[in-house]
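Here is my notebook from an afternoon of looking things up. Keep the structure open beside you and follow along.

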Amino acid sequence: MTPFVLLDGKEASKAWKETIRLQVVSGLEKNKHRPHLAALLVGDNPASNAYVAGKIKDCEEVGFKSTLLRFPSDVQQEELLEAIDALNRRKDVNGYIVQLPLPLHIDQKAILLAIDPKKDVDGFHPENVGRMALNLTTFIPATPLGVLLLLKHYSIQTEGKHVVVVGRSQIVGSPMSILLSQNNSFGNATVTLVHSKTKNVSDFTRMADILIAAIGKPKFITADMVKPGAVVIDVGINRLEVDGKSRLIGDVDFDNVKEVASAISPVPGGVGLMTRIGLLMNTLNATHETR
Ligand code: NDP
């Protein structure tokens with residue numbers, strides 16, 4: 001049987017937090033600012049509340065300052081744009097996020113476009129997406145960055161490997177495929193990007209040395225879709241009711257796929273935690289102006 005490694009987001013995120021914390025300390029010794037992340041939260045969506053609470057806790061752990069700006073779900077777009085303008089001007093805020101999703105009456109694109117690209121630590125602004133595509137220093141979207149940091153923590157090389165990414169969303173699959181194919185230390189892979197219009201998806205997944213699932217369909221990737229010995233990264237987070245309890249299920253059928261993979265990330269406790277590290281890393285870079 002193939003030896004199996006759990007790509008543990010708890011372990012990796014703990015190690016990355018310590019690296020970031022030490023960089024904050026060394027920055028303060030050099031008279032750099034304490035990184036300051038702000039979050040703009042609209043409404044009372046329990047998942048959004050939990051995500052933002054987690055991000056604030058992370059900030060405390062690594063020595064960042066954080067500010068939460070809350071708005072009611074019926075806030076007008078104009079008021080949000082004014083808050084964004086104020087954050088763009090504030091010298092003491094290095095980066096900020098607008099927690100998504102926003103209520104339907106708000107034009108999400110207009111909000112994201114209003115964010116100063118130099119403070120866009122989610123990396124969603126078109127300027128930053130363009131910089132990423134051109135392999136320039138930028139804020140990499142937090143989830144793909146988290147995946148790269150997870151691979152790095154476990155010393156998984158990408159160069160020369162065939163990576164198959166399932167899902168082409170603008171925040172996960174598409175940037176993931178661009179980053180891994182670039183000529184740099186975390187790229188140099190040969191990348192295949194498959195999506196809902198791809199015929200015979202499993203023909204491609206079975207060729208992957210590294211398989212990244214970002215689909216949004218519980219247990220979509222089954223053991224017969226995985227090459228023996230492959231590394232499998234599960235980005236999916238699907239909330240399901242199981243026996244009357246809400247549970248998080250990945251896009252990968254973990255219990256069966258772990259029997260064929262050489263390494264696999266769990267859900268929960270995998271990429272979700274690493275996404276939070278991606279955000280911290282971008283905020284640190286915003287503060288030290290290494291975007
Ligand atoms: P989207 O719904 O935006 O994208 C899903 C992608 O999967 C699309 O590109 C779609 O193809 C593709 N797809 C759907 N069905 C199939 C199929 N049968 N075969 C092949 N491809 C298919 O989702 P996101 O990228 O935003 O998120 C994906 C998952 O990751 C979700 O579970 C989400 O909750 C989770 N997530 C987790 C994060 C984390 O921190 N761990 C962060 C962000 C997301 P097409 O483009 O053709 O429609």
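I started with glutamate 61, which is partly exposed because its relative accessibility is 37% (buried means under 20% relative accessible area, exposed over 50%, partly exposed in between, with a 1.4 Å probe and protein chains only). Before going on, I noted that this is a predicted model, in which local features need pLDDT of at least 70, side-chain atom pairs count only at pLDDT 80 or more, and totals for chains, interfaces and linings use all residues. Residues are numbered from 1 along each chain as its sequence is written, and side-chain values use heavy atoms, with hydrogens and water left out.

Which side chain meets glutamate 61 in a salt bridge? I found lysine 17 there, at 2.9 Å from N to O (a salt bridge is a side-chain nitrogen of Lys or Arg within 4 Å of a carboxyl oxygen of Asp or Glu). Lysine 17 belongs to helix 1 (residues 9–29) and glutamate 61 to helix 2 (residues 46–62), so this pair ties together parts that are 44 residues apart in sequence. For the words "helix" and "strand" I rely on DSSP runs numbered from the N terminus: helices are H or I with at least four residues, strands are E with at least two. Lysine 17 counts as buried, because its relative accessibility is 15%.

Next I looked at aspartate 58 and arginine 276, whose side chains form a salt bridge at 2.7 Å, N to O. This pair links distant parts of the chain, since aspartate 58 is in helix 2 and arginine 276 in helix 10 (residues 271–287), 218 residues apart. Are the two partners buried or exposed? Aspartate 58 is buried at 1% relative accessible area, while arginine 276 is partly exposed at 23%.

I then noticed that these pairs belong together: Lys17, Lys57, Asp58, Glu61 and Arg276 are linked in a network of salt bridges. The total by this rule is ten salt bridges. A reminder to myself: side chains of opposite charge can pair when their charged atoms come close.

Aspartate 85 is partly exposed at 34% relative accessible area, and arginine 89 is exposed at 60%.

**Leucine 280**

Back in helix 10, I picked out leucine 280. It counts as buried, at 1% relative accessibility. Which residues does leucine 280 touch, leaving aside its neighbours within four places in sequence? I listed Lys17, Ile20, Asp58, Cys59, Val62 and Phe64 (contact means heavy atoms within 4.5 Å).

**The sheet**

In what order do the three strands of the open sheet stand? I read 3-2-4, with parallel pairing (two strands pair if DSSP finds at least two bridges between them). Strand 3 (65–71) and strand 4 (95–98) are at the edges with a single partner strand each, so one side of each has no neighbour in the sheet.

Strand 2 (residues 36–42) is joined to strand 4 by four bridges.

**Asparagine 94**

I found asparagine 94 in the loop between helix 3 and strand 4. It counts as buried at 11% relative accessibility. A polar atom of its side chain is 2.8 Å from the backbone nitrogen of histidine 36. Its contacts, apart from neighbours within four places in sequence, include Arg34, Pro35, Lys118 and Ala286.

**The ligand**

How many residues surround the ligand? I wrote down 22, the closest being Arg168, Ser169, Ser196, Ile237 and Thr275 (a residue is near a molecule if one of its heavy atoms lies within 4 Å of it). A polar side-chain atom of arginine 168 is 2.7 Å from a ligand oxygen atom. For serine 196, a side-chain N or O atom lies 2.6 Å from an oxygen atom of the ligand, and for threonine 275 the distance is 2.7 Å.

Definitions and conventions:
Polar contact = N/O pair within 3.5 Å; in protein donor to acceptor, adjacent residues only side chain to side chain.
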